[in-house]
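Let's take a walk through a protein together, one stop at a time. Have the sequence and the 3D view ready, and look for each residue as it comes up.

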Amino acid sequence: MSIQNFLHAKSEGRRLSMVTCYDYTFARLLAKSPVDGILVGDSAAMVMHGHASTLSINVEMMRLHTEAVVHGAAGKFVVADMPFLSFRKGIAAALDTAHILMTAGAHAVKLEGVDGHEDVVQRMVQSGIPVMGHLGMQPQSVHAYGGFRVQGRNGDAARDIVRQAAALEKLGTFAIVLECIPATLAQEITAALRIPTIGIGAGAGCDGQILVLQDLLGMNVDFQPKFSRQFMKGSCAVVDAVARYDEAVKNGTFPSTEESYS
Ligand code: KIV
């Protein structure tokens with residue numbers, strides 16, 4: 001997979017699938033799957049580190065997660081998230097972050113929004129760094145929204161997202177994540193763009209979809225976003241397996257002779 005494949009998929013009407021991943025073990029499993037791309041999302045802050053938002057992850061943490069995923073995800077197209085504010089401190093600082101993530105093995109970087117950092121997107125694209133945009137609900141703006149809220153529900157807000165999507169395409173991004181916006185708006189943006197849209201909570205009219213891996217595996221014990229689907233009950237499977245291990249240890253059936261050295 002490459003950015004050219006993303007563009008071809010759109011022109012050929014082929015839907016794209018992406019998932020997040022943050023570690024080597026799951027990356028090795030994803031390498032055996034047919035998914036088109038992996039995002040080392042800054043959602044690692046929440047999913048892997050238990051923070052309340054994505055704001056707490058820094059460049060060094062993103063570098064470590066990216067490197068681990070790249071080591072396991074042989075042959076997969078890997079996009080790494082630019083952390084909170086890392087692309088808002090000028091071109092040089094943004095290029096330093098992108099340099100770290102790309103030399104950790106990412107094939108592209110993703111950043112939220114466009115207004116106020118058009119120059120950064122343009123310079124990264126001109127420097128040969130594939131850039132993925134992210135519009136709609138931008139988790140790094142959670143405090144400005146007053147919570148994780150659906151965006152673009154009224155006319156002005158919707159028109160503003162359409163405008164930003166066109167701006168990102170013009171600046172040379174190869175795809176745009178549309179998060180938590182009405183399905184009709186996502187469909188309108190998708191129809192207006194040459195580059196693919198990758199939806200999460202944006203309905204079926206996008207060119208592709210992305211989910212957080214732990215959500216689709218049903219690993220989340222206490223929260224299930226409306227837009228997500230559990231393709232397995234991972235949390236039950238893990239809790240059950242560990243309980244059976246505990247029982248086997250305590251009743252003396254683990255380890256067996258075959259599981260012991262002579
Ligand atoms: O960090 C992340 O997981 C993301 C997805 C929600 C697209 O940006």
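What follows is a tour from the core to the ligand and then to some backbone details. Keep in mind that this is a predicted model.

Let's begin inside. In soluble globular proteins, nonpolar side chains tend to be buried together. Here, the largest nonpolar core has 51 residues. Met82, Met124 and Leu178 are the ones with the most contacts inside this core. Helix H8, which covers residues 155-171, gives the most to the core, with five residues. Apart from this core lies another one, of 15 residues, and among them are Met18, Val79, Ala175 and Val177.

Find methionine 124 in the largest core. Leaving out residues up to four places away in sequence, methionine 124 touches Met82, Ala94, Leu95, Ala98, Val109, Leu111, Ile129 and Val131. Now turn to alanine 175, a member of the 15-residue core. Alanine 175 lies in strand E6, which spans residues 175-179. Is this alanine buried or exposed? Alanine 175 counts as buried because its relative accessible area is 0%, and the cut-off for buried is under 20%. The partners that alanine 175 touches, again without residues up to four places away in sequence, are Phe6, Val131, Met132, Gly133, Ile195 and Pro196. To get a sense of scale, pick out the C-alpha atoms of alanine 175 and histidine 65: these residues are 110 residues apart along the chain, and the atoms are separated by 22 Å.

Next comes the ligand. An N or O atom in the side chain of serine 43 is 2.5 Å from a ligand oxygen. For aspartate 42, a polar side-chain atom lies 3.0 Å from an oxygen atom of the ligand, and for aspartate 81 the distance from a side-chain N or O atom to a ligand oxygen is 3.1 Å. Taken alone, the ligand exposes 260 Å², and the protein buries 96% of that.

Stay with aspartate 81 for a moment. Aspartate 81 is found in strand E3, residues 77-81. With a relative accessible area of 3%, aspartate 81 is buried. The side chain of aspartate 81 reaches the backbone nitrogen of aspartate 42 at 2.8 Å. A polar contact of 2.8 Å also joins the side chains of aspartate 81 and lysine 110.

Finally, look at the backbone. The peptide bond from phenylalanine 254 to proline 255 is cis, with omega near 0 degrees. You can find proline 255 in the segment after helix H11 (234-250). Leucine 85 has a phi near 70 degrees, a positive value in a residue other than glycine, and sits in the loop between E3 and helix H5 (91-103). Cysteine 180, in the loop between E6 and helix H9 (183-192), also has a positive phi, of about 45 degrees, although it is not a glycine. How exposed are these two? Leucine 85 is partly exposed, with a relative accessible area of 36%, whereas cysteine 180, at 10%, counts as buried.

Key
Residues are numbered from 1 along each chain as its sequence is written. This is a predicted model: local features need pLDDT of at least 70, side-chain atom pairs count only at pLDDT 80 or more; totals for chains, interfaces and linings use all residues. Side-chain values use heavy atoms; hydrogens and water are left out. A nonpolar core is a set of buried Ala, Val, Leu, Ile, Met, Phe, Trp, Tyr and Cys residues joined through side-chain atoms within 4.5 Å. Buried means under 20% relative accessible area, exposed over 50%, partly exposed in between (1.4 Å probe, protein chains only). Helices (H or I, at least four residues) and strands (E, at least two) are DSSP runs, numbered from the N terminus. Contact means heavy atoms within 4.5 Å. A polar contact is a pair of N or O atoms within 3.5 Å; within protein, one must be able to donate a hydrogen and the other to accept it, and residues adjacent in sequence count only if both atoms are side-chain atoms. Accessible areas come from the Shrake-Rupley method with a 1.4 Å probe; for residues, only the protein chains shown count as cover.
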